[in-house]
Amino acid sequence: MACGSTSLWAGETSWFCCGNAWGPCGSAGGGACGNCQSSANHGAWPNASQACWNITRPDLCGENIPRRGCGAVMNVKHACSGATVCITITDCGPRTKEWCGEQACCNGACRVNRVLDLTPAAFSAIGNLSSGKLPVYIYE
Amino acid sequence: MSTRQDRSGLGRRRFLTTAALSGATIVGASALGGLDADAAFAAEPSLDPAIAKSSFVEGRITGITGSILEVAGSQGGHSRVQMTNATSVWKGRATTAAVIEIGDGLYARGVDMPDGVVAADAVWVNIVNLDTQIRGIAKNRIHLAHGQHELVGNVLADTSASYAGRGLTSDLSRLRIGQHAQVLGAWRPSDDSVDVVRISVGH
């Protein structure tokens, strides 16, 4: 499936590790879809399934994020630099409800609520891992 | 992309590739660094649009030979990462390549060279960003649950916290047992603990 250009959502993304990995990430496993890898351009979506939604509850932050399951492809664009990365959804997350109101900003523009998690490979393609979070636009 | 970003990105990446290809400008690992990773990448990655795809390397460092890091991938395989004068290094903070050790975990972003080496424009050493729950709080440590595993977080002099999405503060007194916490830090391979750089808790 190709990465598209139809606007899907916008918000804040963080990053996480999954699959075979070093350190504390070694216990992370392959994620909800079973094939998540830190070294691949993968992502976690808060509405990957009903069971996922029940954990993440983005609606409690006013984010009625649509269902996109394992294997969905998204194009993630840094809100300021325009750097993009094409990802495949392989996990459920982040727990949006825990971070209502959290924002990531660049050049004075901010995106609110954590709506996406990216693997280190995907996150580093559009930003700096030590920033921990980025404002992004998401397309499909 | 702004003109400023174009200039900084192109300049940095061209310097990187030139440095990696020429060899003459590569310096020994102990003399590397001096560039602030946060400053260099705060707004955007320095990826040259003329280069279609950046490369990513993940794994444990198994050897350091001059400016080359030997990396064993967690999925198997082996990579060689070339440090250059333009490579930014993070290990708990923006630092230099002199602090990189065999056994460290690594994420690196760079560009493939013709000889198969990845010339790095940024390396992050032992960096973790973990979804945890606070299980205990001591003076210099925070006990965390990460999935099914217990984890010790070392509180450092410059550890900062963010509460409910607000700005960073050095005040850790509002952390509570039971809170979900995002921990950005540096893993210590020697004892499997994590130096906490930033801990964020929600509501």
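Let me begin with one residue, A:G93, which sits in the loop between β4 (84-92) and β5 of chain A. Strands here, like helices, are DSSP runs numbered from the N terminus, with at least two residues (E) for a strand and at least four (H or I) for a helix. The model is a predicted one: local features need pLDDT of at least 70, side-chain atom pairs count only at pLDDT 80 or more, and totals for chains, interfaces and linings use all residues. Residues are numbered from 1 along each chain as its sequence is written, while chains are lettered from A and ligands numbered from 1 in the order in which they are written.

Is A:G93 buried or exposed? A:G93 is buried, because 23 other C-beta atoms lie within 10 Å. The cut-offs are 20 or more such atoms within 10 Å for buried, 12 or fewer for exposed, and partly exposed in between, with C-beta atoms placed from the backbone. Beyond its neighbours within four places in sequence, A:G93 is in contact with A:F16, A:A44, A:P46, A:T56 and A:D117. Contact requires that the C-beta atoms of two residues, placed from the backbone, lie within 7 Å. From A:G93 to A:C33 the separation is 60 residues in sequence and 12 Å in space, C-alpha to C-alpha.

I turn to the barrel of chain A. Six strands form a closed barrel in the order β1-β7-β2-β4-β3-β8, with mixed pairing. Two strands pair if DSSP finds at least two bridges between them. Neighbouring strands of this sheet are turned by 45 degrees against each other on average, direction ignored; the axes are lines fitted to C-alpha atoms, for helices over the stretch in contact, and angles run from 0 to 180 degrees between N-to-C directions.

Next, the two chains together. Chain A places 39 residues in contact with 44 residues of chain B. On the chain A side, α2(A) gives the most, with five residues. By class, that side has 17 nonpolar, 19 polar and three charged residues. Here Ala, Val, Leu, Ile, Met, Phe, Trp, Tyr, Cys and Pro count as nonpolar, Asp, Glu, Lys and Arg as charged, and the others, Gly among them, as polar.

Of its 203 residues, 41% are buried. An automatic or database assignment supplies the domain bounds, giving domain 1 (3-125) and domain 2 (127-201) in chain B. Their contact takes nine residues from domain 1 and six residues from domain 2. On the domain 1 side, β6 (105-112) and β7 (118-125) of chain B each give two or more residues.

Finally, the core. A nonpolar core is a set of buried Ala, Val, Leu, Ile, Met, Phe, Trp, Tyr and Cys residues joined through C-beta atoms within 7 Å. The largest one has 79 residues, of which A:V76, B:V81, B:L106, B:A108 and B:V123 touch the most other members. Strand β7(B) supplies the largest share, seven residues. Both domains of chain B give residues to this core, so it lies between them. Leaving out residues up to four places away in sequence, B:V81 touches B:V57, B:L69, B:V71, B:A108, B:G110, B:V118, B:A120 and B:V123.
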